[in-house]
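Subject: Structure handover

Hi,

Here is the structure for you to look over. My notes follow below it.

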Amino acid sequence: MHGSPHIVSDVMTHTVVAVGRDAPFKDIVNLMGEWKVSALPVLEGEGRVIGVVSEADLLPKEEFRDSDPDRFTQRARLTDLAKAGALTARELMSTPAVTVHPDATLAEAARTMAQRKVKRLPVVNEQGMLEGVVSRGDLLKVFLRTDDDIAEEVRHEVVAELFPAPVEPIEVKVSHGVVTLTGRIRDTSMVPVAARLVRAIEGVVDVECHLTSASALTGTR
């Protein structure tokens, strides 16, 4: 759509800090603090992503630092206990990495984050090579669009396409991302379609449709 960032490559961060599989534990912690990130891709070769080390992977070392877990905990937390003794990214990383391609839609990236309970996704090409990282914050950038920009897209991509010859000009107003459509149209069965298309525009918070039938107002059929 006109002016909308549709895909991950539009919002992702291209400058990415990553580590090799032999990166020491403390180096990983230092990098996370320096770059203010919650996870780091782990690379091998020329930049192929083989895993991710997150804060969750690092915490077991502190959690079990001075504890002596019972047998039940040992069985239930086997992976975490292993990470508590890990020294390098190879031992700490979660693998295979949960990644996304640069041409994935923002909705697809958001669903992957929600389903896999991660805050950041390495962006990789078809060969698995790192191209960037997309975070929750990056996906929310679409809501920084101005109301005027959203209104222009609604008029151009929705109103002009669905209602090329309205009974009266359809008014499009946008306030804080909430789109309001007002006017009279010939076919009110198109109202749900219009609402769905407007809601799909990046940056739209909600939609209010006040589109009425011309025949209902004039008493004709």
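What volume does the largest pocket have? About 430 Å³. Please keep in mind that this is a predicted model.

Pockets

The lining of the largest pocket holds 22 residues. A39, V52, S54, K117 and V118 lie nearest its centre. By type, the lining has twelve nonpolar, six charged and four polar residues.

The second largest pocket has a volume of about 330 Å³. Its lining is made of 17 residues. Nearest the centre are L106, A107, L139, V142 and E202. Here α7 (106-116) and α8 (136-139) are the elements that give two or more residues. The most comes from α7, with four residues. This lining divides into ten nonpolar, four charged and three polar residues.

Backbone points

Two lysines deserve a look. K117, listed above among the residues nearest the centre of the largest pocket, sits in the loop between α7 and β4. Its phi is positive, near 55°, and K117 is not a glycine. K117 counts as exposed because its relative accessible area, 71%, is over the 50% cut-off.

K36 also has a positive phi, about 55°, without being a glycine. K36 lies in the loop between α2 (25-35) and β2. With a relative accessible area of 72%, K36 is exposed.

Where is the cis peptide bond? It joins T95 and P96, with omega at about 0°. P96 belongs to the loop between α6 (89-92) and α7.

Surface

L140, F143 and V205 make a nonpolar surface patch of about 290 Å². V205 is placed in the loop between α10 (191-199) and β8 (206-213).

L78 is in helix α5, which spans residues 78-84. Is L78 buried or exposed? Exposed, with a relative accessible area of 60%. L78 and K36 are 42 residues apart along the chain, and 29 Å separates their C-alpha atoms.

Then turn to the T95 and P96 bond.

Best wishes

Conventions:
Residues are numbered from 1 along each chain as its sequence is written. This is a predicted model: local features need pLDDT of at least 70, side-chain atom pairs count only at pLDDT 80 or more; totals for chains, interfaces and linings use all residues. Side-chain values use heavy atoms; hydrogens and water are left out. On a 1 Å grid over the protein atoms alone, a cavity is a set of points where a 1.4 Å probe fits but cannot get out, and a pocket is an open set with protein on both sides within 12 Å along at least five of seven lines; lining residues have an atom within 4 Å of a point. Grid points are joined across faces, edges and corners, and a volume is the space filled by probe spheres set on the points. Ala, Val, Leu, Ile, Met, Phe, Trp, Tyr, Cys and Pro count as nonpolar, Asp, Glu, Lys and Arg as charged, and the others, Gly among them, as polar. Buried means under 20% relative accessible area, exposed over 50%, partly exposed in between (1.4 Å probe, protein chains only). Patches are made of residues with over 30% relative accessible area and no salt bridge: like charges are joined within 9 Å, nonpolar side chains (Val, Leu, Ile, Met, Phe, Trp, Tyr) within 5 Å. Accessible areas come from the Shrake-Rupley method with a 1.4 Å probe; for residues, only the protein chains shown count as cover. A salt bridge is a side-chain nitrogen of Lys or Arg within 4 Å of a carboxyl oxygen of Asp or Glu.
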